[in-house]
Amino acid sequence: MVRIIAILVGAGFTFVLALALWGTVSTAITDPAPETAEHEFHLHPRDAGLSSAGFFGKYDRRQVQRGFQVFKEVCSACHSLKFVAFRDLEEIGYSEAEVKAIANQWVIETPSVNPDTGEAATRKSVASDRFPSPFANEVAARAANNNALPPDLSLITKARHDGANYVFSLVGKDGYRPQPAELLKKFAETKTPDGLHYNPYFANLNIAMPPPLTTDGQVTYTDGTVATHDQMAKDVAAFLTWTAEPKLEARHAAGFASVVFILIFCFLAWGAYQNVWRDVKH
């Protein structure tokens, strides 16, 4: 009797769930959600073509260094790299002396405490310091950026879908553009508000950050590379890919070695099986 009741209760739950599912599906078919401007005009990021992409990707050290130069001269005025230390730059080809010089000459000094008075102070950065934030706190950051909070860029390419290509497209030559007339005609209420900027690669199409890269040659590369708008965007995307995943090359190498080991192991296991059971008739 108890078993019959349990079966009936289970059947009742199943029926209710099926009815709810049917109602949801039929509603979605007969009364679909209206299209939004974000759905129709948001663009998928362009391919940056970075050497770090793919299963066997490796960093182009010269490109990552150029990207660091773009970050230093353009992005660091508003964005932080709180998970990256100056000494980490040795991994992309800078010498110990160069790293010490970069830290010492960094425009934004590292927060400290005056040992004589105990009051808050700043000091020159050293190689072991992490990159200091351009703002004292979130309130100061919002006050300087029209109430928008510039995100930390240490892990930005991990925090955004298709991160490296997203960064490249967002700040590249066709990222910031006038709002299309077609969009305004179809979605008049989505006109870009004052203080925001239209960018089809941003999630809701309107971004608070002004265009960081505005013209070719904005940065003068020390290696002589021509600094076109897209070149600078690609280089800074490469640098931020490295900050988010500095051990990418080691991970790729370990993965490749693991696959090779598994293949060899499978071959040896198959050979052992054939050897052990060679005299047994199947």
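Colleague: Trp106 and Phe131: buried or exposed?

Modeller: Trp106 is buried, and Phe131 is too. Buried means under 20% relative accessible area, exposed over 50%, partly exposed in between (1.4 Å probe, protein chains only). This is a predicted model, where local features need pLDDT of at least 70, side-chain atom pairs count only at pLDDT 80 or more, and totals for chains, interfaces and linings use all residues. Residues are numbered from 1 along each chain as its sequence is written, and side-chain values use heavy atoms, with hydrogens and water left out.

Colleague: How many aromatic pairs are there?

Modeller: The count is 14. Rings of Phe, Tyr and Trp (its six-membered ring) pair if their centres lie within 6.5 Å; planes under 30 degrees apart count as stacked, over 60 as edge-to-face and the rest as tilted.

Colleague: What about Phe56 and Phe256?

Modeller: Edge-to-face, 5.8 Å centre to centre, with 75° between the planes. Phe56 is exposed, at 62% relative accessible area. Phe256 is partly exposed, at 48%.

Colleague: And why is the Trp106 and Phe131 pair edge-to-face?

Modeller: Their ring centres are 5.1 Å apart and the planes sit at 75°, so the pair is edge-to-face.

Colleague: Which residues do ring pairs link into a cluster?

Modeller: Phe68, Phe71, Phe86, Tyr94, Trp106, Phe131, Phe239 and Trp242.

Colleague: Switching to helices. At what angle do α7 and α9 pack?

Modeller: About 150°, with axes 8 Å apart; α7 is residues 163-171 and α9 is 229-244. Axes are lines fitted to C-alpha atoms, for helices over the stretch in contact, and angles run from 0 to 180 degrees between N-to-C directions. Helices (H or I, at least four residues) are DSSP runs, numbered from the N terminus.

Definitions and conventions: Helices (H or I, at least four residues) and strands (E, at least two) are DSSP runs, numbered from the N terminus.
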